[in-house]
Every structure is written in structure tokens, then in C-alpha cells.
Amino acid sequence: MTAAPPAAPVRAVTLCLPDAVFARGTVDAGAVAGYGDRVVEAAGELVRAGREVQTVRLSAPALDAPVHADLLRERAAGLVAGCDRSGVGSASLAALRPPALAGLEPSDVADVLAGHPSLFLSVVVAEGAEMDDHAVGFAASVVGELARRDVDANFRFAAVANLGPNAPLFPGSYGDGGPAGVSAALQSAGPLLARVREARPEGLAAATRLTRECLRDELAPVGKVLESACGERGLLFHGFDPSPACAPDAGIAEFLELAGGIRFGSPGTVATCAAVTAGIRSAVRPVVGYAGLMLPVLEDRVLARAWQEGRLHADSVLAYSSVCGAGLDTVPLPGSTPEHEVAAIIRDMAALSARWAKPLSARLMLAPPGSDPRRTGFRAEQVVNIDYPSV
């Protein structure tokens, strides 16, 4: 008898903080720590139930009024202090909506992120059917500023579009400002891959069913524990982002190839992505976040190889995102890429999101100026470094 694969690790248990923690322009680090203690305890219930929890996180509300650099620095310092006191590993500082950018320079955002390696941040470039071109340019400038400061800093920044509140996954997460609540996401590519290897689906309808059934089996026990743990601690349970996060030894692209009988990037990829996404979105309620396929180019060996070979590029990833996904994630850009080209990539993502009102983001891994023009050189453990495709 074949042994059952291990349960999917919980990628993130994220508590979204209420506005009251940030009242009158200050940060109550003690209150942050108190909420941190509660989410750490809730995650501990999962560990006691036999689930691996990879990260516990806090997420601050979005900012939609003009912000100055001093306020952003104070918010960052208070959030980090609260995290340190409670043992929370990372936090989302804010989603900066377009009005919040009026008093900031891109260098201000880069300074805060470079100075606090546990913090993440996003800039909102589209909401509803409206794209904000100033926000697009601002985000592109932040990408460049971060690349000049730290080769890996852009892992913690994204331009986001139509992503709702209370999502668990970073960098795009932000709270709605209401009562504190928890959401979660799983690293479920491994169980999906194990299941598709055991029972190859015949046709895309079968791929949808396999995806839905596997994710239901993985998410249901986690939801039961978290709903109880949150209720006991006076927290809301916002729900799951069922998007399957990948692992170093289990990528989502290999699952797609087996589920759809395709080579990723060949004809049939869009249809396979759509079928699997239908399974993801029908697997669980309540849903927050992207609720679709994440295609992290540098965190998935199949995707990284396809990019290196020139079979995958930003336009094709966006095409797949039209039916499935989270947008442009860990996309490698040489250090010579001009800022206007970075902005154009973000603008394309924002336009697609605005046209279809779907949650997308762009996390662009721009290499530092003067870096190797032939190969990526990121240091993060989860990254697959590749040769840039020849032009």
C-alpha cells in the first residue's frame, strides 16, 4: 500500500490588525504585541494538531490619505517592535493607495524596507476599472531603488491591483481596518503533485475535480482548527487564500503539466490553467486573496527553466493570469532594464486587472545595476537562479 503524502504545510497564518492600533498617527506597539501573541497562540493550535506552520504574520490596514516619510518610519518602527515582543516573524507595513503617495518619494519607501528586513509593503496601482498611472510610475521607481540597496529586497515589495483586504500572502496583504481577524494559506503544491502522479486525470474536467477534492481535503481540517482557535481568542476568521503555494521540491508547473498533459508554455497551457483555477476557486469558503494559480517564476524549477529557455516571458505569464492567476511573481529582470520598461510591465498588469476586475500583482526581481548581465544572482534560499534568455 502506498503511504499517504504528508499534509500540506501552512504557508502563512496572518492576523490583520485593526485601525485602532494606529490611531492618531501613532503606533501602539503594546497592542501590536498583544495581537501578535494571540495569532502565535492560534498557530500553535495547528502545530498541536500535527500541522507544520511555516510563518506567522501581522498585516496593517491600507493607507489612503497622504503619508509623509516620518509617519511611515514611525509606523514601521512600532510594527517591528510589536512583532519582536510577540515572536511574530514578519509584517505587512501597508498597502499604499494612490492618495497616500502624495507626501512620499520612492526612496522613502525603499529606505523603510531596506532598514527593516522583516517588513513587506505594496503600492495599489488599480482598483475597480481604474488604473492610476502615477502609482504605476511610483511603484516602478521603488523597484529600482530597492535593487540599488539590496539584491533581494524586491521580494518584499509588489505593485497590486484589485486585491481585496485580509489576504494572508505577502507582499500584497493589508487589513480592512475592522476587528482583528486571521486568514491562512497552504503550501499545497506537494499534495496536488502527489495526487496527480497517482491518478492522472483524463480531461480538463477531471483536472478540475482532482484539484478541488485535494484542496478540500487539505483545507478543511486547518479551517476547523483555526475557526475554533480564533473564536477562543476573540478573533475573526476571514478565511483562506486557496492558491497553492509551491515548495522547492514541488512546483505548481509540474502539476499543471501532468494534469493537462502539456508542456508548460505550449498550446493547452491557458486551458489547463483555467481548469485548475476552477477547482481552486470551488474548494473552500470563505475565500480571501488571489484564489487562483500563483506562477512564481524563480520559485518553481519548471517555470524557471521555461523562462531561461525563452518559452515563458512576462506577456505569456499575463496571458495565463487572465484565466487563472496572481499576476507576475518573482519575474527576473536584468540590472540594465530601464525604469520605463519596469513601469510598462506594471502598467500591463494593472490594465489587465482593471479590465477584468481581478486580483493581480507584480513582484519584479530587478537585479542591481552592474550585476552579471548573463545570470541572476539572488541569495534567497527558495530562489532558482537562471541564465537570462538570450535576446
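A: In this predicted model, the axes of helix α2 (residues 69-86) and helix α3 (residues 106-115) come within 10 Å of each other and cross at roughly 15 degrees; axes are lines fitted to C-alpha atoms over the stretch in contact, with angles from 0 to 180 degrees between N-to-C directions, and helices (H or I, at least four residues) and strands (E, at least two) are DSSP runs numbered from the N terminus. The two helices α2 and α3 are therefore roughly parallel, a term used for angles under 35 degrees. Their crossing is right-handed, that is, the near helix is turned clockwise from the far one by less than a right angle. On the α2 side the contact (heavy atoms within 4.5 Å) is made by Ala 69, Leu 72, Arg 73 and Ala 76, and on the α3 side by Asp 108, Val 109 and Val 112. By class, five of these residues are nonpolar, none is polar and two are charged, where Ala, Val, Leu, Ile, Met, Phe, Trp, Tyr, Cys and Pro count as nonpolar, Asp, Glu, Lys and Arg as charged, and the others, Gly among them, as polar.

A pocket is an open set of points on a 1 Å grid with protein on both sides within 12 Å along at least five of seven lines, whereas a cavity is a set where a 1.4 Å probe fits but cannot get out, and lining residues have an atom within 4 Å of a point. About 880 Å³ of space lies in the largest pocket, volume being the space filled by probe spheres set on the points. Its lining has 40 residues, with Arg 11, Arg 57, Glu 299, Arg 363 and Gln 382 nearest the centre, and it divides into 23 nonpolar, nine polar and eight charged residues.

Strands β4 (119-127) and β6 (157-161) each supply at least two of the lining residues, and β4 gives the most, with three. By class, the cavity lining has six nonpolar, one polar and two charged residues.

Residues are numbered from 1 along each chain as its sequence is written. Local features need pLDDT of at least 70 and side-chain atom pairs count only at pLDDT 80 or more, while totals for chains, interfaces and linings use all residues, and side-chain values use heavy atoms, with hydrogens and water left out.

Technical notes
Parallel < 35°, antiparallel > 145°, perpendicular 65-115°, else oblique.
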